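Subject: Handing over a structure

Hello,

I am passing a structure on to you, and my notes on it follow below. Please have it open while you read.

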Amino acid sequence: MSVTAPSRGDLSAVDRYFRITERGSTVSREVRGGLATFFTMAYIVVLNPLIIGTVPDGTGSFLADGDLQVIAACTALVAGLMTILMGAVANYPLALATGLGLNAFVAYGVASLDGMTWADAMGLVVLEGLIILVLVLTGFREAVFRAIPAQLKVAISVGIGLFITIIGLVDAGVVRRPAAGPVPVELGVGGFLAGWPTLVFVIGLFVIAALLTLRVQGAILYGIISATVLAIVIEAIFEIGPQTPDGANPTGWGLGVPALPDTVVQMPDFSLLGEFNLLGSFSAIGATAVFLLVFTLMLADFFDTMGTMVAVGAEAGLLDEEGNPPNTRRILVVDSIAAAAGGAAGVSSNTSYIESTAGVGEGARTGLASIVTGVLFLLATFLAPLVAIVPHEAATPALVIVGFLMMQQVTGIDWDDLEIGIPAFLTIVVMPFTYSIAAGIGAGFVAYVALKVVRGKARSVHWLLWLVAVLFVIYFAIDPIRGWLGA
């Protein structure tokens with residue numbers, strides 16, 4: 001007896017639009033995937049205000065007058081709208097929110113410059129996003145992406161797997177910077193695992209791994225929920241409290257103390273929207289400095305997204321034979337709009353999040369998962385107290401597990417071919433060791449072009465890769481260049 005696959009006419013409108021059955025998924029898997037992605041990146045609603053809301057600008061003023069709840073509400077709003085746009089327009093299981101690293105650069109490297117205001121800094125972010133959007137609409141950004149050799153795309157995906165693994169381990173407190181000594185990192189506190197939060201992480205990691213081994217659908221989401229419940233119980237019994245800046249409580253919770261909130265719903269304040277000055281930075285710091293800052297923001301944003309969408313597509317099995325995801329241009333257009341939207345909303349550039357792989361690991365294959373994640377972000381504007389109860393230690397086991405899943409792709413690289421093996425290796429290791437996706441991609445590109453030249457194969461290198469390699473050399477040497485130009 002044979003079973004005939006349903007025709008597109010037999011499917012629901014939602015299934016047909018998102019191609020759920022066509023991509024081997026189900027609505028329930030998409031919903032679970034959307035939930036998993038949200039819970040692994042909901043921390044940004046808490047963390048972004050702590051990064052950009054606590055640093056004075058060049059005039060001594062704070063963003064939103066230091067009101068972190070306003071920044072949190074706007075962070076969640078833009079993340080929700082842009083993630084829904086990604087799902088509806090690009091049909092890709094990719095979520096967006098304020099970019100970590102980029103927000104710190106905006107806070108400490110842009111807004112804090114003498115004479116700069118937060119509105120000027122956000123204007124630079126809008127400008128950078130608009131420039132990237134033009135590069136997408138002209139086909140340049142997509143052309144660069146397609147010029148990248150397939151095995152380097154695999155290396156990017158594997159490198160991001162290691163990158164999110166170390167993010168998970170650091171955020172959980174399993175890997176830390178030692179107080180003193182010759183080594184840059186160590187296990188736990190003083191070389192030992194200690195504290196109830198660490199136990200929550202370990203148990204959460206084991207639960208997810210065990211459920212995956214047993215092939216239980218929803219393993220990652222169930223692991224996050226169970227670890228959160230355990231964290232709430234432990235905090236209620238032992239009153240551990242948070243880690244403190246002075247290091248007095250090293251075994252406390254890393255970000256957010258898990259406890260049932262006094263109130264679940266509160267009205268959001270979006271008064272930060274529109275607080276940007278598009279060209280104000282030119283009079284504040286000069287055209288040369290503006291160019292260098294926009295270039296730095298643009299190059300990081302440009303390639304972070306490329307690496308992220310490849311990693312998500314590879315984990316979901318959505319890439320074609322050349323390593324390209326479906327609807328590449330639509331993905332890049334939405335991401336570019338999100339960069340500008342983040343600046344226009346005063347919360348820094350929004351970009352694609354590698355935590356989306358948690359949803360993919362849960363079974364997400366379409367944009368419906370992104371819409372679920374986006375709706376949850378919109379609800380988070382009202383439910384900020386509820387979002388804050390999930391501690392790092394409960395969410396980060398998902399990142400470690402997804403890192404393992406992405407690491408499995410390493411067999412797709414021909415390690416015997418040194419012309420690709422060495423650039424692939426540099427791509428993979430530089431990402432986690434520098435905490436930068438863009439730096440890893442840049443190291444791989446520069447090495448790839450250089451080795452082709454050494455082998456007398458310079459003509460085989462696509463001209464766009466030559467251009468990108470040169471741009472990355474400038475990117476890596478940006479500080480000396482600033483010094484030479486007096487910027």
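**Helix H2**

The buried residues of helix H2 are Glu30, Arg32, Gly33, Gly34, Ala36, Thr37, Phe38, Thr40 and Met41. Here "buried" means under 20% relative accessible area, "exposed" means over 50%, and "partly exposed" is in between, with a 1.4 Å probe and protein chains only. Helices (H or I, at least four residues) are DSSP runs, numbered from the N terminus.

Before going on, a word on the source: this is a predicted model, in which local features need pLDDT of at least 70 and side-chain atom pairs count only at pLDDT 80 or more, while totals for chains, interfaces and linings use all residues. Residues are numbered from 1 along each chain as its sequence is written, and side-chain values use heavy atoms, with hydrogens and water left out.

Back to H2, which covers residues 27-41: its 15 residues should span 21 Å at 1.5 Å a residue, and the end C-alpha atoms are 21 Å apart, which agrees. The expected span is 1.5 Å times one less than the number of residues in the helix.

The same check works for H6: its 20 residues should span 28 Å, and the end C-alpha atoms are 29 Å apart, which agrees. In H6, 14 of the 20 residues are buried, so the helix is largely enclosed by the rest of the structure. Just after H6, glycine 139 takes a positive phi of about 90°.

Glutamate 128 has its place in H6, which covers residues 118-137. A salt bridge needs a side-chain nitrogen of Lys or Arg within 4 Å of a carboxyl oxygen of Asp or Glu. Not counting residues up to four places away in sequence, glutamate 128 touches Val294, Leu297, Met298, Asp301, Ala339 and Ser349; contact means heavy atoms within 4.5 Å.

**Salt bridges**

The count comes to eight salt bridges. Arginine 141 is in one of them, with aspartate 335, at 3.6 Å from N to O. This pair links distant parts of the chain, with arginine 141 in helix H7 (residues 140-147) and aspartate 335 in helix H13 (residues 328-344), 194 residues apart. Both arginine 141 and aspartate 335 are buried.

Arginine 329 forms a salt bridge with glutamate 142, and their closest N and O atoms are 3.0 Å apart. Arginine 329 lies in H13 and glutamate 142 in H7, so this pair ties together parts 187 residues apart in sequence. Arginine 329 is partly exposed at 37% relative accessible area, whereas glutamate 142 is buried at 13%. Elsewhere, salt bridges that share partners join Glu419, Lys452, Arg455 and Lys457 into one network.

Glutamate 22 and arginine 19 also meet in a salt bridge, at 3.9 Å from N to O. Glutamate 22 is exposed, at 51%, and arginine 19 is partly exposed, at 41%.

**Aromatic pairs**

How many aromatic pairs does a search of the whole structure find? It finds nine. Rings of Phe, Tyr and Trp (its six-membered ring) pair if their centres lie within 6.5 Å; planes under 30 degrees apart count as stacked, over 60 as edge-to-face and the rest as tilted. Tyrosine 17 and phenylalanine 18 have ring centres 5.0 Å apart and planes at 85°, so their pair is edge-to-face. Tyrosine 17 is partly exposed at 49% relative accessibility, while phenylalanine 18 is buried at 7%.

Phenylalanine 445 and phenylalanine 472 form an edge-to-face pair too, 6.2 Å centre to centre with 85° between the planes. Phenylalanine 445 is in helix H19 (residues 437-454) and phenylalanine 472 in helix H20 (residues 463-476), 27 residues apart. Ring pairs link Phe445, Phe472, Tyr475 and Phe476 into a cluster.

Best wishes

Technical notes: Helices (H or I, at least four residues) and strands (E, at least two) are DSSP runs, numbered from the N terminus.
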